[in-house]
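Subject: Handing over the structure

Hi there,

Here is the structure I promised to pass on to you. Please have a look at the sequence and the fold first, and then read my notes below.

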Amino acid sequence: MAGHYVIAGKAVSNHIIAMGFLGAYAAAGAYFALKPSAPQPATPPIKASSADEEAFIKEFLKSAEANDNKQ
């Protein structure tokens, strides 16, 4: 048989240690891969030169969305 290590007074085989390491490595990888990211803004920021222009753009977008919802 393969070698073993004595951990907390018990003989633990090398293949058990290797499987534990691989399982922990896979669990850590899955955790970081499936972790939710920060929510992205729904629309890009409006870069208007004045407050009036920004208000016009917002009103235009509202009316365009209302027209899309009607269809």
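From the N terminus on, the elements run β-β-α-α, that is, 2 strands and 2 helices in the chain; helices (H or I, at least four residues) and strands (E, at least two) are DSSP runs, numbered from the N terminus. The radius of gyration is 29 Å, well over the 11 Å that the globule rule gives for 71 residues, so the chain is more spread out than a compact globule. Here the radius is taken over C-alpha atoms, and the globule rule is 2.2 Å times the number of residues to the power 0.38. The C-alpha trace spans about 80 × 30 × 15 Å along its principal axes.

A word on the ground rules: this is a predicted model, in which local features need pLDDT of at least 70 and side-chain atom pairs count only at pLDDT 80 or more, while totals for chains, interfaces and linings use all residues. Residues are numbered from 1 along each chain as its sequence is written, and side-chain values use heavy atoms, with hydrogens and water left out.

How much of the chain is buried? Of the 71 residues, 0% count as buried, where buried means under 20% relative accessible area, exposed over 50%, and partly exposed in between (1.4 Å probe, protein chains only). The accessible surface comes to about 6,700 Å², and 64% of that belongs to carbon and sulfur atoms. These areas come from the Shrake-Rupley method with a 1.4 Å probe; for residues, only the protein chains shown count as cover.

Now to the strands. Strand 1 (residues 4-7) and strand 2 (residues 10-13) pair in the antiparallel sense over 4 bridges; pairing requires that DSSP finds at least two bridges between two strands. Y5 stands opposite V12 in strand 2. The two strands form a hairpin with 2 residues between them. A8 sits in the loop between strand 1 and strand 2, and has a positive phi of about 55 degrees although it is not a glycine. At 80% relative accessibility, A8 counts as exposed.

Further along, S50 lies in the loop between helix 1 (14-34) and helix 2. Its side chain reaches the backbone nitrogen of E53 at 3.3 Å, a polar contact (a pair of N or O atoms within 3.5 Å; within protein, one must be able to donate a hydrogen and the other to accept it, and residues adjacent in sequence count only if both atoms are side-chain atoms). S50 is partly exposed, at 34% relative accessibility. The C-alpha atoms of S50 and A8 are separated by 70 Å, with the two residues 42 apart along the chain.

E54 makes it with K58, and the closest N and O atoms are 3.3 Å apart. E54 is partly exposed at 30%, and K58 is partly exposed at 43%. The count by this rule comes to 1 salt bridge.

Finally, I46, F56, F60 and L61 form a nonpolar surface patch with about 400 Å² of accessible area together. Patches are made of residues with over 30% relative accessible area and no salt bridge: like charges are joined within 9 Å, nonpolar side chains (Val, Leu, Ile, Met, Phe, Trp, Tyr) within 5 Å. L61 is found in helix 2 (residues 51-70) and counts as partly exposed at 39% relative accessibility.

Enjoy exploring!

Technical notes. Salt bridge = Lys/Arg side-chain N within 4 Å of Asp/Glu carboxyl O.
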